[in-house]
Amino acid sequence: VHIRREKFSTWIIDLRNILSTHHKTAGILDSYPESLGSLDPVIDRALQTLLFSTTTGMTKRLISSASSASKALYDLRRNFGQTSHFDVHRERLKMMNMRQEHNEKASEFLRRIRKQMDICLTVGCKDFN
């Protein structure tokens with residue numbers, strides 16, 4: 001689940017970068033996946049075409065069955081970027097309860113901490129920025 005969420009986050013960052021190259025689409029996904037503003041119908045259609053052309057498999061099916069890019073992005077968030085309050089709480093607890101094992105080297109422990117911090121940021125823990 002973490003890998004799927006990380007890949008989704010990376011894909012969204014890439015999509016934001018693509019959309020930021022034109023003044024009409026810059027900023028569309030700034031608050032996504034938390035929220036998504038209303039889109040101009042022409043931009044919505046262009047975004048849905050872009051989403052459809054850059055995806056494969058199940059993702060392409062989700063996008064093609066959606067009536068708009070906004071609905072497609074919400075479907076994608078629900079299927080690939082799932083985070084519940086329980087997920088956020090669980091990852092925050094894991095982070096706060098990390099302890100160095102008896103024979104664990106400090107560098108290995110720090111590596112585990114960094115990985116857990118990345119996971120926490122991916123699921124939406126705001127405390128670890």
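Modeller: The backbone nitrogen of Glu101 sits 3.0 Å from a polar atom in the side chain of Glu104. A polar contact pairs N or O atoms within 3.5 Å; within protein, one must be able to donate a hydrogen and the other to accept it, and sequence-adjacent residues count only if both atoms are side-chain atoms. Keep in mind that this is a predicted model: local features need pLDDT of at least 70, side-chain atom pairs need 80 or more, and totals for chains, interfaces and linings use all residues. Numbering runs from 1 along each chain as its sequence is written, and side-chain values use heavy atoms, without hydrogens or water.

Biologist: Where does Glu104 lie?

Modeller: Elements come from DSSP runs, numbered from the N terminus: helices are H or I with at least four residues, strands E with at least two. Glu104 falls in the loop joining helix H5 (85-96) and helix H6 (106-123).

Biologist: Is Glu104 buried or exposed?

Modeller: Read the relative accessible area: under 20% is buried, over 50% exposed, and in between partly exposed (1.4 Å probe, protein chains only). Glu104 has 13%, so it is buried.

Biologist: Which residues does Glu104 touch?

Modeller: Contact means heavy atoms within 4.5 Å. Leaving out residues up to four places away in sequence, Glu104 touches Arg99, Phe109 and Arg112.

Biologist: How many salt bridges does the structure hold?

Modeller: The criterion is a side-chain nitrogen of Lys or Arg within 4 Å of a carboxyl oxygen of Asp or Glu. The structure holds three. One pairs Arg112 with Glu104, with the closest N and O atoms 2.7 Å apart. Arg112 has 32% relative accessibility, so it counts as partly exposed.

Biologist: Is Glu91 buried or exposed?

Modeller: Glu91 is buried, at 0% relative accessible area.

Biologist: Now a pocket. What lines the second largest pocket?

Modeller: On a 1 Å grid over the protein atoms alone, a pocket is an open set of points with protein on both sides within 12 Å along at least five of seven lines; lining residues have an atom within 4 Å of a point. The lining here is Arg4, Lys7, Phe8, Trp11, Thr54, Thr55, Thr56, Thr59, Leu76 and Phe80. Helix H1 (2-19) and helix H4 (69-80) are the elements that each give two or more of these residues. H1 supplies the largest share, four residues.

Biologist: How many lining residues are nonpolar, polar and charged?

Modeller: Ala, Val, Leu, Ile, Met, Phe, Trp, Tyr, Cys and Pro count as nonpolar, Asp, Glu, Lys and Arg as charged, and the others, Gly among them, as polar. This lining has four nonpolar, four polar and two charged residues.

Biologist: One last residue. Where is Ala46 found?

Modeller: Ala46 is in helix H2 (residues 41-53). Ala46 is partly exposed, at 47% relative accessible area. Its C-alpha atom is 8.4 Å from that of Ala69, 23 residues away along the chain.

Note on methods. 1 Å grid on protein atoms, 1.4 Å probe; cavity = no way out; pocket = protein on both sides within 12 Å on 5 of 7 lines; lining within 4 Å.
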